[in-house]
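Me: I have a model open and would like to go through it with you. Could we take some individual residues before the overall picture?

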Amino acid sequence: MDGPPAGEGADGGPSGDAGGERPEGGSARSGAARESAEATQFAQGMLRRDTVRHALASIDGDMVAGDKNVFLVGGGRAPLRLVSPLVLERVRSAFADPADWDEVRADFGKRSLAILRGPAGSGKTTAALRLLLGRSVDRIYHLDRTSDLGALIERLEADAQDGRGEPVGFLVDEPGDCSTLDGPLLQGLDGALHRAGARLVLTVGQESGLVDSEVLGHVIDLPGPPEPARIVRRYLDWLLGEPAAALLLRRQGVAELLDEHLGADGACRAAAGLASALGESAESAAGGVPDLAVVREKLARRGAEDFEIWAENLEEPFLRCYAVALAVLNGLPQEDVAAAARALHRRLDTEDYTVLAPADGHLPRVREPYRVPRRRRLAQLRARTVPVRFFSATGRVPADGLEYKDPGYPRRLIEHVWAEYPLQEVLLDWLTELVADPSEQVRTHAGVALGVLTDRSFQYLLDHVLHPWAASPDRRRRTAVAHALSVSAKNPELLGMVRTLAAGWFADADRPLVQATAARVYALSLSGAGPLAAVDALARLCVVDHMQVAIAVGDSLTDILADDDRLSAVVLGRLCTALADHRARPSVLLAFLAVGAQLVVETATLPEPAVLPNWPALLVRADREPVLRAPFVELWRAALNEAVHRSASEYVLQLWARLAEGDPELRVVLVRMVGALADGDPRTATILRRQAADWAGAHSISPLPRTAAAVTAELDRQERSS
C-alpha cells in the first residue's frame, strides 16, 4: 500500500500506542506500521461516537443528551424547544408579583390547562413561566403558535401508556387562531395533560375573541402589570445583590434614566430591558459605575438585539476570547476552554485588532486573566459549570465542564463573531490549531464549529478550507472536513451540494487522500439518511491501494456501527464479499482490524459480571449472534494468514488477549473465538499457538500467562479430537 514517507504518522505527527505493547515488528518504525497503529487504537471508535454526539448537541443543537423528545405538529415530527435555562433563572429569581398574584397562583394550581389572558404589556409570557415553575415544573417547552394541539394530545397519550410521562410544562404564546380553541379540544387536552402529569399554559390578549363557554372556563385573567420601578428593582436585586442595586439606583442620573424609559404604558418588557441594560453595564464597569450614555445607546437598540447587546457588552479582550472559546468548546472541561481562550487571545493581542472595541469607541481596559475569578467570568458570560463524564478506554472520566445557560448561544456567538468583525483569517487560523489538539473532544468541537461557519459561508469555506484540507496528509484535518459537512448536510439547501462534493472526491482516483476524506464524509455526514448505501460505498473504496484510504474506511465503518450495531452483519458480510477482489484485500483486512480494535461495548450494559469497563464489541457480538460468526471467522483467518497486515492482526489479537488476562468472563469468550478460528484450519491453529507462546514468553515485558494457558489448552483439545 502507498503511504507517507517512512517515519511520518497518519496525522503528520507521532502516533501513540493503545492498549498494550506492540508485537515485535509492529513498532511503528516504518510509515506503514505506524499508520496501522493509528488505525487500531483501542476504543477509539466509541470515543469518536460520544464526542461527535456531544459536539453536535453543545454547538449545533442537533440533539440532546439521553432521549430526544419530539412531538407531532402539522403532520410531521419536530423537536421540542426547551425554554432557555437562562430565561427560567431570570423568571425564578427576578419576577415581580403583580397585584392579586396569590389568587392567580391558587386558581392555576387546580388546573392542568390554563388560558392566561391579559392586556398587551402585562407580562403574560413571564407570568406563565412563573406559574409553571411554581408547580415544580422545571422542564418547559415553548411550542410554536401554530402548533397542532390535537397532535399534542396523541403524543401525551402515547407517553402516558408507555410509562414515559414526566412532569413537564408547555407554553403557547398567542395561538395563531383562537377560533380553533373549542370545548372538545380543550377537554381532550386537559385529560391527556392530567394523565401525563403535564401542564399547559396558553397566553391570549384581551381581545382574543374567546366565546365558547367551555373555553372560558379555562381562562385566568391576569391583573395589571407590577409597577415598572418595582420590576427594575427586583431584576437589579437578583443581578447585583440588594446592597449594590440600592446603591446603583441612588447614583446621579439613574432616576432620570428610569423616568425617560419607563413610560406610562407600564410595559413589563420595557422595564425588564432597562433593568438588564443598566445592571449588566454596572456589573462590567469599574467600581460598579455604569456609563449612562452607553446604557441609553444600548436601550435604543434593545428590541430584538438582546443577544448582540450582551455580546458587545463583553468589553475586555480576554473575556471576549473566552466567550468565543466557550462557544466552540461548549460543555467541555474548563481547562480546554481556558487553553483555547488563551490561544485566541494571543492572536488578537496586537493593536491591529482594536476593532473589537464596542461601537461607542470606548477602548476596553485590559486585565490579566488571573484577576477575574471563574464565578464572575461565568456570570458575565451567562454560563455555568456542569459535571460531565467523557468516554475513555478505561471507563467514564468525570470532569468539570462549562456551558452556556442558553443552548442557543454557542452557535449564535460563533456566527456573530464571524459576521460582525473582520476576523475570518484569525478565526480560521485558531480553529486550525484546535483541529490539531491532542484531545479528541477539542478536535471534534472545532470541526463542528467550522461546520457552523460553513453553513453560513459555504463557498468561502469550501475554497479556503474544505478543498485544501480534503487533500491534506494530516488525518485530523480530513476528519474535520467531515465534521464540518455533517452540519451543512442538515441544511436542506446545502445537502445536495454536500452529496455532490462527496461523490466528486470519492471518484477522484488521482488523489487518494481526497478519497479518504470522502470516506469520512460518507460516514459522518451522509450515513444518517442511508447507512446501507454508505457501507456499500465504503466497501467499493477498498480497491484503492492507499493506506490512508484503508484507515478512513475502517474509521468510517466503526463510526457507522457505533451509531447502529444492528448493521454488524451487513458490514462484515460486505467486507467478506470484497475479499474476493485481490485489489481490495489489503484495505478490507485493515478496515476489519480497525473495527475490531476501535469498536467496544460498555460492560455496564451487559448481563455478565465484568471486571473491565469495555469489551471488544465485534468479539462479543460474534460470540452471541450466529449470523456474524461465519464472516467474522473468515475475516480473522485471512488477517492472520496473509502477510500484508500481519503485525496489525497480531497486535489486535494481543490487545484482546491482554484485556482477557484481567477479566475471566472475557477470557471465556476469547477462547471460544480461538476455537472457532482453529476448527478445521491447521495453519490458523499453528499461528494462534505461536501467538499464545509469545504472550507467555520470557521476552514479553508484560506476559499474559492465564490467557496464553487457556488458548493453548483449547488448541490442544481440538488437536486431540481431530
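Me: Where is Q654 placed?
Reply: In this predicted model, Q654 sits in helix α31.

Me: Is Q654 buried or exposed?
Reply: Q654 counts as buried, because its relative accessibility is 8% and the cut-off for buried is under 20%.

Me: What separates the C-alpha atoms of Q654 and Q691?
Reply: A distance of 8.0 Å separates them, and the two residues are 37 residues apart along the chain.

Me: Staying with that helix, at what angle do the axes of α31 and α34 cross?
Reply: Helix α31 covers residues 646-661 and helix α34 covers residues 705-721. Their axes come within 8 Å and cross at roughly 110°. Angles of 65 to 115 degrees count as roughly perpendicular, so α31 is roughly perpendicular to α34.

Me: Which residues make that contact?
Reply: From α31 the contact uses A657, A660 and E661, and from α34 it uses P705, R706 and T707. By type, the residues of this contact are three nonpolar, one polar and two charged.

Me: A change of topic: backbone angles. What is phi of D100?
Reply: Phi of D100 is near 60°, which is a positive value in a residue other than glycine.

Me: Where is D100 found, and how exposed does it count?
Reply: D100 belongs to the loop between α3 (85-94) and α4 (101-109). Its relative accessibility is 49%, so D100 counts as partly exposed.

Me: And what about phi of R382?
Reply: R382 is not a glycine either, yet it has a positive phi of about 55°. R382 is in the loop between α17 (374-381) and β8 (383-390).

Me: Is R382 buried or exposed?
Reply: R382 counts as buried, with 5% relative accessibility. D100, by contrast, counts as partly exposed at 49%.

Me: Another loop residue, then. Where does L181 lie?
Reply: L181 lies in the loop between β5 (168-173) and α7 (183-196). L181 counts as buried, since its relative accessibility is 5%.

Me: How many residues apart along the chain are L181 and V215?
Reply: They are 34 residues apart along the chain, and their C-alpha atoms are separated by 7.0 Å.

Me: Which residues does S488 touch?
Reply: Leaving aside residues up to four places away in sequence, S488 touches G451, T454, D455, F458, L494, L495 and V498. S488 is part of helix α22, residues 475-488, and counts as buried at 0% relative accessibility.

Me: On to cysteines. How many disulfides does the count give?
Reply: The count is zero disulfides. A pair of cysteine sulfur atoms would have to be within 2.5 Å to qualify.

Me: Are C542 and C576 buried or exposed?
Reply: C542 is buried, with a relative accessible area of 0%. C576 also counts as buried, at 12% relative accessibility.

Me: Now the whole chain. How many helices and strands does it have?
Reply: The chain has 34 helices and 11 strands.

Me: What share of the residues counts as buried?
Reply: Of the 722 residues, 56% count as buried. The accessible surface of the chain is about 30700 Å², with 51% belonging to carbon and sulfur atoms.

Me: And what share of the contacts links residues 24 or more positions apart?
Reply: Such residues account for 74% of the contacts in the chain with a separation of 6 or more.

Definitions and conventions. Residues are numbered from 1 along each chain as its sequence is written. This is a predicted model: local features need pLDDT of at least 70, side-chain atom pairs count only at pLDDT 80 or more; totals for chains, interfaces and linings use all residues. Side-chain values use heavy atoms; hydrogens and water are left out. Axes are lines fitted to C-alpha atoms, for helices over the stretch in contact, and angles run from 0 to 180 degrees between N-to-C directions. Helices (H or I, at least four residues) and strands (E, at least two) are DSSP runs, numbered from the N terminus. Angles under 35 degrees count as roughly parallel, over 145 as roughly antiparallel, 65 to 115 as roughly perpendicular and the rest as oblique. Contact means heavy atoms within 4.5 Å. Ala, Val, Leu, Ile, Met, Phe, Trp, Tyr, Cys and Pro count as nonpolar, Asp, Glu, Lys and Arg as charged, and the others, Gly among them, as polar. Buried means under 20% relative accessible area, exposed over 50%, partly exposed in between (1.4 Å probe, protein chains only). Accessible areas come from the Shrake-Rupley method with a 1.4 Å probe; for residues, only the protein chains shown count as cover.
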